[in-house]
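Please open the structure in a viewer and keep the selection panel at hand.

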Amino acid sequence: MEPIRLAIVGLGKIARDQHLPAIMKNGDFALVATASADGASVVGVPAFDNLEALLASEMGLDAVAICTPPQIRGKLAATALHHGVYVLLEKPPAVNLSEAEWLADLARSKGATVFAGWHSRFAAGVATARAWLANRQVLGATIVWREDVRTWHPGQDWIWRAGGFGVFDPGINALSIATHILPQPLDLTDAELEFPANRDAPIAARLSLQDAAGAGIAVDLDWRQTGPQTWDIRIDTDAGPLKLSEGGAKLSLPSELHQGKNGEYPALYARFSDLVRNGESEFDTDPLRLVADAFLRGRTIRTDPFFD
Ligand code: NAP
């Protein structure tokens with residue numbers, strides 16, 4: 001089978017850390033171009049200034065992976081879809097729910113694939129956690145996602161601007177796991193968002209969620225953590241506790257321990273390949289909906305200004 005001719009749009013941290021290695025190791029894809037506003041490139045791969053120039057070159061492109069900040073992702077995705085080019089969207093897949101729904105509709109009308117790539121759902125422990133929880137009664141859960149923004153997002157101005165998501169940029173990864181593994185849909189009942197006095201996006205957030213059976217889920221997101229970092233989910237059930245740690249890579253069940261390698265992006269690309277080959281799309285908006293609800297319903301607390 002011919003490889004899927006793929007381009008990367010936006011050559012920043014995640015494109016270099018995860019997308020490039022995953023693509024290079026997957027024979028289903030051939031990286032045929034990159035598009036970068038600041039002239040970044042990959043040795044031996046044709047480079048363009050932007051997606052429009054790449055599409056105008058008519059080099060023959062099947063798909064793009066859009067690795068830019070979310071504020072400009074929707075327009076780029078729409079441009080690609082209008083040219084019949086299939087789209088992998090980094091998370092969060094759109095800047096708001098209307099844009100997400102509009103992109104999903106556009107892909108449907110064009111018969112093209114669009115994939116909202118919730119990479120954390122491909123962490124090693126997540127599929128087993130989901131299967132284990134399917135027949136269990138959930139009594140309650142806690143999600144703690146605390147990391148040091150200076151370590152993980154140094155100098156990323158866009159993340160602090162409107163539409164940059166602030167602490168929900170990593171926090172939505174936790175929500176993408178929770179909405180995937182918990183057997184019941186989730187509703188947001190309360191939220192508190194801390195905004196630095198000089199920024200348009202929150203540095204911390206505490207959410208109260210409830211599942212359809214009434215179980216409470218407390219979510220604690222914070223970007224001010226120094227020292228050891230925490231990416232943990234604990235779910236109490238009628239059969240004992242389930243714990244996912246290290247962002248979903250490590251799963252602890254009442255009588256078993258699973259420790260996997262961080263294979264999120266290889267698995268993400270394997271899924272994208274399946275979707276493209278089968279002409280299907282996957283665009284789950286549940287994690288984005290919870291974040292939107294938190295902004296709609298949350299109380300605002302002003303806190304100390306943040307400087308990088
Ligand atoms: P980044 O390092 O800031 O890279 C984003 C890239 O997008 C830039 O290098 C730039 O590439 C391009 N870009 C286009 N317009 C831009 C603008 N107005 N401002 C800034 N950059 C612009 O960000 P990142 O960490 O790779 O994150 C990108 C996306 O991946 C985000 O949605 C994030 O949530 C997601 N993600 C990040 C991580 C992580 O650990 N960093 C993990 C998983 C997912 P060119 O100059 O080449 O166009």
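Buried area is the accessible area (1.4 Å probe) that two parts lose on being put together, summed over both. The model is predicted: local features need pLDDT of at least 70, side-chain atom pairs count only at pLDDT 80 or more, and totals for chains, interfaces and linings use all residues. Residues are numbered from 1 along each chain as its sequence is written, and side-chain values use heavy atoms, with hydrogens and water left out.

**The two domains**

Begin by colouring domain 1 (4-117) and domain 2 (124-259 + 292-303) separately; these bounds come from an automatic or database domain assignment. The C-alpha centres of the two domains are 27 Å apart. Their contact (heavy atoms within 4.5 Å) involves 9 residues of domain 1 and 12 residues of domain 2.

**The interface**

Between domain 1 and domain 2 about 780 Å² is buried, and carbon and sulfur atoms give 64% of this area. Next, select Lys 13, Gln 71 and Lys 91: within domain 1 they lose the most area to domain 2, together 51% of what that side buries.

Now display Lys 91 with Asp 169. These residues form a salt bridge, with their closest N and O atoms 3.5 Å apart; the term denotes a side-chain nitrogen of Lys or Arg within 4 Å of a carboxyl oxygen of Asp or Glu. The count between the two domains is 1 salt bridge.

**The ligand**

Which residues come nearest to the ligand? Of the 22 residues around it (a heavy atom within 4 Å), these are Leu 11, Ile 14, Ser 36, Ala 37 and Asp 169.

Zoom in on the oxygen atoms of the ligand. A polar side-chain atom of Ser 36 is 2.5 Å from a ligand oxygen, and one of Asp 38 is 3.0 Å from a ligand oxygen. For Lys 13, a backbone N or O atom is 2.9 Å from an oxygen atom of the ligand. Finally, show the ligand surface: the protein covers 79% of the 860 Å² of accessible area that the ligand has on its own, as given by the Shrake-Rupley method with a 1.4 Å probe.

Notes. A polar contact is a pair of N or O atoms within 3.5 Å; within protein, one must be able to donate a hydrogen and the other to accept it, and residues adjacent in sequence count only if both atoms are side-chain atoms.
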